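Please have the sequence and the coordinates open while reading.

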Amino acid sequence: MKTSHLIDELAEFTAGASIGAGAGLERLALHLADASIALMAGMRSTEGHAIAALIHRTEVSPLAHSSRLAAVMRLSEIDDIHRQSAVTASAIAVPCALAMRALATDASPARFIEAIFVGQEMAVRLALAMGGAALLAQGLWPTYLVAPFGAAATTARLLGLNAARTAEALAMALAQTPRAPGRTPRTPCPARWALFGNAVRAGCFAALAAADGIDGDTGLLNDAWLAGIGGAAADTTPLRGLDFASPLIAETSIKPHCSAKQTLAALHGLRELLAQGLAAASIDAIEVQVPGAYAGMIAREAPGVSRLASIVSAPGQLALAALQPESLDDVSRDALDWRGPLGAFAANITVCAEPALDALYPRQWPARVTVIAGQRREQILVVDSPGDPALPFDVVALIDKATRVIGGRRGRDLVQTAMKACRDASALEALCHTFDVPVR
């Protein structure tokens, strides 16, 4: 007789949970549209072109498409994020669903969106069980860790695997859980994104293997295995008693700009002060206080070091907000020049840890911004920024984002197509064609 394992509970959820037709589906449709913006932006970037070219030269298959789409979407740094887990789950589930749909016997919009839903849930819940955002302090990348698991769940649901075969898919995905990818090199095309794409591909492969009768170790997922990754912060509670009536997508933040989430509260704070009449030219210095968990991260490197550094650096992001706000929506960042006014402005911004803000993290990722302009001293505390669940985006805000990132009509059309793809088969076919994904 087979022993019941924790992974069996997750497989039952993956094989049978449904988002329904209410507010949850509308929210998921909004996030699918947001993911489409990130994917398009990533495809148009210099790094995105390089990664796509490599994959096209070496392999043409649904698995290759999953790797390509995941890599270019994640490198955009404009995709959504669940703060407590620090996982960008759409970058796992949406590329899988688009790429692997060609192999599904049921290619309907309902199956497509259900696959995305369970893939996101499994990715976020596994990361929470590993330790969530606390993993970042260990030098681990939560989204990378759970990429195979989330991809396996997405693909298994898309293929219509039953709970027993889904459990085998999830088990094989767990066996391929990566560790830290290492520090990102200061090069035009670091390995980080390609490695992420391969991690997603591994999860898709696990589901295909399970569909062909290959089995994994379903007893792998337990307290000891989780503790081996997350240490004392690991806890199986997020993996138990799953309730599909309260999807974690409701707790997921949409990013308004191409930016590390850790910088967005400070960025919003400065923009609020500028909107109130503070002139950028009058600013002498800015102090940013944030939780200790990410103070070092957003101040570690000068923004001119690399594309990614310009996205992660709080001084860099605030300099753009003050002097060159249109560049906040530029995913490639090829044309930025940090040797002149931008660099000088960023040099007058300091970042420090504020213990009083630690209690808010990781449910919120706050910042207190103090601006000194001559004799004037302005201060603002931001605990939620636009796109967070407390300040949610609607379709109008998302179209505005698409217009800024992609361009007027093309951005609007993409959002509208993605929103319809959850219900309309022709819209879903059009979305797949947009990203050069073969359809059945």
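The model is predicted: local features need pLDDT of at least 70, side-chain atom pairs count only at pLDDT 80 or more, and totals for chains, interfaces and linings use all residues. Residues are numbered from 1 along each chain as its sequence is written, and side-chain values use heavy atoms, with hydrogens and water left out.

**The sheet**

Helices (H or I, at least four residues) and strands (E, at least two) are DSSP runs, numbered from the N terminus. Strands of a sheet pair through backbone hydrogen bonds, either parallel or antiparallel. Two strands are counted as paired if DSSP finds at least two bridges between them. Four strands form an open sheet in the order β4-β3-β5-β6, and their pairing is mixed. Because β4 (349-353) and β6 (376-382) each have a single partner strand, they stand at the edges, and one side of each is left without a neighbour in the sheet. From one strand to the next, the twist averages 15°.

| Strand pair | Sense | Bridges |
|---|---|---|
| β3 and β4 | parallel | five |
| β3 and β5 | antiparallel | five |
| β5 and β6 | antiparallel | seven |

Individual residues can be followed across the sheet. Ile286 stands opposite Ile349 in β4 and opposite Val371 in β5. Val371 in turn has Glu378 of β6 as a bridge partner, while Val369 is bridged to Ile380 of β6. The hairpin of β5 and β6 has two residues between the strands, and Gly374 there takes a positive phi near 65°.

**Helices on the sheet and against each other**

Contact here means heavy atoms within 4.5 Å. Axes are lines fitted to C-alpha atoms, for helices over the stretch in contact, and angles run from 0 to 180 degrees between N-to-C directions. Helix α11 (residues 261-275) lies across β3 (285-290), β5 and β6, and runs at about 135° to β6. Helix α14 (residues 314-323) also packs on the sheet, where it touches β3 and β4; its direction makes about 135° with that of β4.

Helices α4 (residues 62-75) and α5 (residues 90-100) pack at an angle of about 150°, and their axes are 8 Å apart. Among the residues that make this contact are Leu63, Leu69 and Met73 of α4, together with Ala91, Pro95 and Leu98 of α5. By class, the contact has ten nonpolar, three polar and one charged residues. In this count Ala, Val, Leu, Ile, Met, Phe, Trp, Tyr, Cys and Pro are nonpolar, Asp, Glu, Lys and Arg are charged, and the others, Gly among them, are polar.

**Aromatic residues**

Rings of Phe, Tyr and Trp (its six-membered ring) pair if their centres lie within 6.5 Å; planes under 30 degrees apart count as stacked, over 60 as edge-to-face and the rest as tilted. The structure holds seven aromatic pairs. Trp141, Tyr144, Trp193 and Phe196 are linked into a cluster by ring pairs. Arg192 lies over the face of Trp141, at 3.8 Å from the ring centre; a charge sits over a ring if NZ of Lys or CZ of Arg is within 6 Å of the ring centre and within 35 degrees of the ring normal.

Most residues other than glycine have a negative phi, and most peptide bonds are trans. Ala86, found in the loop between β1 (81-82) and α5, has a positive phi of about 60° although it is not a glycine. Tyr361 and Pro362 are joined by a cis peptide bond with omega of about 10°, and Pro362 lies in the loop between β4 and β5.
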